[in-house]
Amino acid sequence: MWQTLLKKFEKYPAQAKVLKLLFERGFQVNKEGKVTSGSIEIAHTQLAKEAGVDRRVVDATTKTIISDELLSRIFRNVHSIPFLRDVAPSLGLGVIIIIPEDAADVGILAEVAGLISGSKVSIRQAVSDDPYLTDNPRLTIITDKKVPGELVDKILELPSVKGVSIY
């Protein structure tokens, strides 16, 4: 799917950077070409600064998005979510970060979730990086309590798991 989107910008690498930023942050592009998060409008100059491009590149990217049926449908409906990883310790929650052998493999989340639930630990959130969008994808799982060491050992025994970090 990601390759299909990038193909539309193959002649415009700066616009591809903007596209990736919009998608990763879950920003919408409305029918007027304004970038929003819900009803909050985000200045094209701020997006340009973050992407390391000129504001006109952001303008051109949003024009391309609203003029393309597939891109328009995606960017009208994409949403961001609160990611609990960095605040979990302050909330008394556990964090498990899985480094997969191959993030494109099927069933990694199911295997890890099975071990977690088998240890009577509840999952509050699971966020998996898309292996087609991220160079070093991770699976981050937020649990209702700190993770016991024996659970980490069990997760490390899974053939799909290269490494585990907890905090």
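Entry 1. I began with Thr143, which is buried, its relative accessible area being 0%. The model I consulted is a predicted one. I located Thr143 in strand 6, which covers residues 139–143. I then looked up the polar surroundings of its side chain: a polar atom there lies 2.6 Å from the backbone oxygen of Lys145. Setting aside neighbours within four places in sequence, I listed the contacts of Thr143 as Leu93, Gly94, Val95, Ile96, Ile116, Val121, Ser122, Ile123 and Arg124.

Entry 2. Three strands make up an open sheet in the order 1-2-3, with antiparallel pairing. Its edges are strand 1 (28–29) and strand 3 (40–42), each of which pairs on one side only. Between strand 2 (residues 35–37) and strand 3 I found three bridges, the two strands running antiparallel. Across from Thr36 stands Glu41 of strand 3.

Entry 3. I then asked which residues touch the most other members of the largest nonpolar core. Among the 25 residues of that core, they are Leu19, Leu22, Leu47, Ile65 and Phe75. The elements contributing two or more residues to this core are helix 1 (2–7), helix 2, helix 3 (44–51), helix 4 (55–67) and helix 5. The most comes from helix 2, which gives six residues. As a general remark, nonpolar side chains in soluble globular proteins tend to be buried together.

Entry 4. With neighbours within four places in sequence left aside, Ile65 is in contact with Phe9, Leu19, Leu22, Val29, Leu71, Ser72 and Phe75. I also noted another core lying apart from the largest one; it has 15 residues, including Ile98, Ile116, Leu139 and Val152.

Entry 5. Finally, I asked how many aromatic pairs a search of the whole structure finds. The search returned one. The pair consists of Phe23 and Phe75 in an edge-to-face arrangement, 6.1 Å from centre to centre and with 75° between the planes. Why does this pair tie together parts that are 52 residues apart in sequence? The reason is that Phe23 belongs to helix 2 (residues 13–25), whereas Phe75 belongs to helix 5 (residues 69–77).

Notes. Residues are numbered from 1 along each chain as its sequence is written. This is a predicted model: local features need pLDDT of at least 70, side-chain atom pairs count only at pLDDT 80 or more; totals for chains, interfaces and linings use all residues. Side-chain values use heavy atoms; hydrogens and water are left out. Rings of Phe, Tyr and Trp (its six-membered ring) pair if their centres lie within 6.5 Å; planes under 30 degrees apart count as stacked, over 60 as edge-to-face and the rest as tilted. Helices (H or I, at least four residues) and strands (E, at least two) are DSSP runs, numbered from the N terminus. Buried means under 20% relative accessible area, exposed over 50%, partly exposed in between (1.4 Å probe, protein chains only). A polar contact is a pair of N or O atoms within 3.5 Å; within protein, one must be able to donate a hydrogen and the other to accept it, and residues adjacent in sequence count only if both atoms are side-chain atoms. Contact means heavy atoms within 4.5 Å. Two strands pair if DSSP finds at least two bridges between them. A nonpolar core is a set of buried Ala, Val, Leu, Ile, Met, Phe, Trp, Tyr and Cys residues joined through side-chain atoms within 4.5 Å.
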